[in-house]
Amino acid sequence: MTSKRPTVADILAMKGRRQLTMLRVVTLEEAEAAERARVDILSVPPALLTPAFRDAAPSCFTVPGLEYGDFITAEDYMRAAFTALRAGGDAVYCAASLATIRRMRDEGIPVCGHVGLIPSKATWTGGFKAVGKTAQSALEIWRQTKALEEAGAFAAEIEVVPVDVATAISQRTSMFMISMGAGAGCDAQYLFAEDILGSNRGHYPRHAKVYRNFSAEYGRLQQERVAAFSEFVADVHAKTYPGAEHVVGIPHENNPDRSGQEAENRHHGLQVRPCAVAPDLSDQGWLARCGSRRHRLQP
């Protein structure tokens with residue numbers, strides 16, 4: 001694949017030639033890092049698709065997710081899909097009904113479906129655990145795959161399915177099969193950026209590989225936040241903030257009675273910066289002088 005953003009036809013042409021890489025990213029910083037790391041495919045929330053996104057990741061094939069439950073009717077999905085494509089998406093992820101996927105395909109919308117463990121429908125397969133471990137459930141995943149293919153999906157994510165089952169399915173379908181915890185026999189490997197970066201403090205799925213420990217760094221930064229905020233509070237209580245460099249004074253030339261005020265301050269033992277001496281606001285001449293361009297107060 002070249003640096004030019006690939007098309008659906010380009011993605012399908014890669015099937016069986018080499019495995020592609022895919023990441024779920026949710027920030028522009030992650031998108032830019034993926035672009036620089038030469039990740040092939042990105043999954044994104046639709047809200048991330050702004051002009052700034054394509055500046056950050058101009059060559060990544062991008063699949064915004066139309067999350068199950070966020071939309072109701074086929075028309076809702078269609079409208080959201082067209083919006084996502086206009087915003088810079090190259091295809092859409094959709095786990096809705098076959099009828100909805102067929103409608104989108106009839107309008108030329110490239111759709112990536114989902115088989116195996118589908119989080120939004122996990123109650124039907126026994127919860128968040130591997131599926132396809134028995135002959136019956138493996139055949140059901142194959143049936144779902146063929147149904148998606150016939151409905152017109154060009155790709156499908158296959159999640160937490162035994163390697164042998166996923167490999168056999170990938171070899172027998174024309175769809176581009178994206179593995180999330182389904183082994184190396186598919187056409188692409190898919191992970192979440194937050195898992196790769198170690199951003200979570202809790203459980204990591206078995207198929208995830210953690211390459212960095214961002215969680216520890218976030219913890220360190222949080223301690224620095226608390227420390228900085230505490231120092232600010234202490235400065236205010238100690239009257240060391242605001243300091244002279246944080247406030248605006250009055251220039252000497254704009255205070256006609258500065259000398260007399262300074263003498264009175266010295267008599268009372270006060271140390272006041274000359275520019276901070278308050279003027280006599282009843283002196284209309286002083287106000288006029290301050291209003292002129294030459295005497296205008298400068299921040």
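Visitor: In which helix does T100 lie?

Guide: T100 lies in helix α5, which covers residues 98–106, and the model in which we see this helix is a predicted one.

Visitor: How do you know whether T100 is buried or exposed?

Guide: The relative accessible area of T100 is 8%, and a residue counts as buried when this value is under 20%, so T100 is called buried.

Visitor: Which residues does T100 touch, leaving aside those up to four places away in sequence?

Guide: With those sequence neighbours left out, T100 touches A74 and Y77.

Visitor: What makes you say that strand β5 is largely enclosed by the rest of the structure?

Guide: Strand β5 runs over residues 111–116, and six of its six residues are buried, so the strand is largely enclosed by the rest of the structure.

Visitor: How do you know that strand β4 pairs with β5?

Guide: Two strands are said to pair if there are at least two bridges between them, and two bridges join β4, residues 92–94, to β5, so the pair meets that requirement. These two strands run parallel, and V92 stands opposite V111 in β5. Between them the chain crosses from β4 through α5 to β5, in a β-α-β crossover that is right-handed.

Visitor: What joins β5 to strand β6?

Guide: Five bridges join β5 to β6, which covers residues 155–159, and these strands run parallel. Among the residues involved, V115 has I158 in β6 as its bridge partner. Together with helix α6, residues 135–151, the strands β5 and β6 make a right-handed β-α-β unit.

Visitor: Which residues have the most contacts inside the largest nonpolar core?

Guide: They are L42, M104 and I158, in a core of 48 residues. Helix α4, residues 74–86, gives the most to this core, with five residues. If residues up to four places away in sequence are not counted, I158 touches several others, including V115, I141, A166 and M177. Apart from this core lies another, of 20 residues, among them L20, M22, I41 and A91. As a general matter, nonpolar side chains in soluble globular proteins tend to be buried together.

Visitor: Why is the pair of F61 and F154 called edge-to-face?

Guide: The ring centres of F61 and F154 are 6.3 Å apart, and their planes stand at 70°. Because F61 lies in strand β3, residues 61–66, and F154 in the loop between α6 and β6, the pair ties together parts that are 93 residues apart in sequence.

Visitor: What makes F61 and F154 count as buried?

Guide: Buried means under 20% relative accessible area; F61 has a value of 2%, so F61 is buried, and F154 has 10%, so F154 counts as buried too.

Visitor: Why is the pair of Y190 and F192 called tilted?

Guide: The rings of Y190 and F192 are 5.9 Å apart from centre to centre, with 40° between the planes. Stacked planes would be under 30 degrees apart and edge-to-face ones over 60, with the rest called tilted, so this pair is tilted.

Visitor: How do you know which of these labels, buried or partly exposed, belongs to Y190 and which to F192?

Guide: Y190 has a relative accessible area of 6%, so Y190 is buried. F192 has 29%, which lies between the cut-offs of 20% and 50%, so F192 is partly exposed.

Technical notes: Residues are numbered from 1 along each chain as its sequence is written. This is a predicted model: local features need pLDDT of at least 70, side-chain atom pairs count only at pLDDT 80 or more; totals for chains, interfaces and linings use all residues. Side-chain values use heavy atoms; hydrogens and water are left out. A nonpolar core is a set of buried Ala, Val, Leu, Ile, Met, Phe, Trp, Tyr and Cys residues joined through side-chain atoms within 4.5 Å. Buried means under 20% relative accessible area, exposed over 50%, partly exposed in between (1.4 Å probe, protein chains only). Helices (H or I, at least four residues) and strands (E, at least two) are DSSP runs, numbered from the N terminus. Contact means heavy atoms within 4.5 Å. A crossover is right-handed if, with the strands pointing away from the viewer, the path from the first strand over the helix to the second runs clockwise. Rings of Phe, Tyr and Trp (its six-membered ring) pair if their centres lie within 6.5 Å; planes under 30 degrees apart count as stacked, over 60 as edge-to-face and the rest as tilted.
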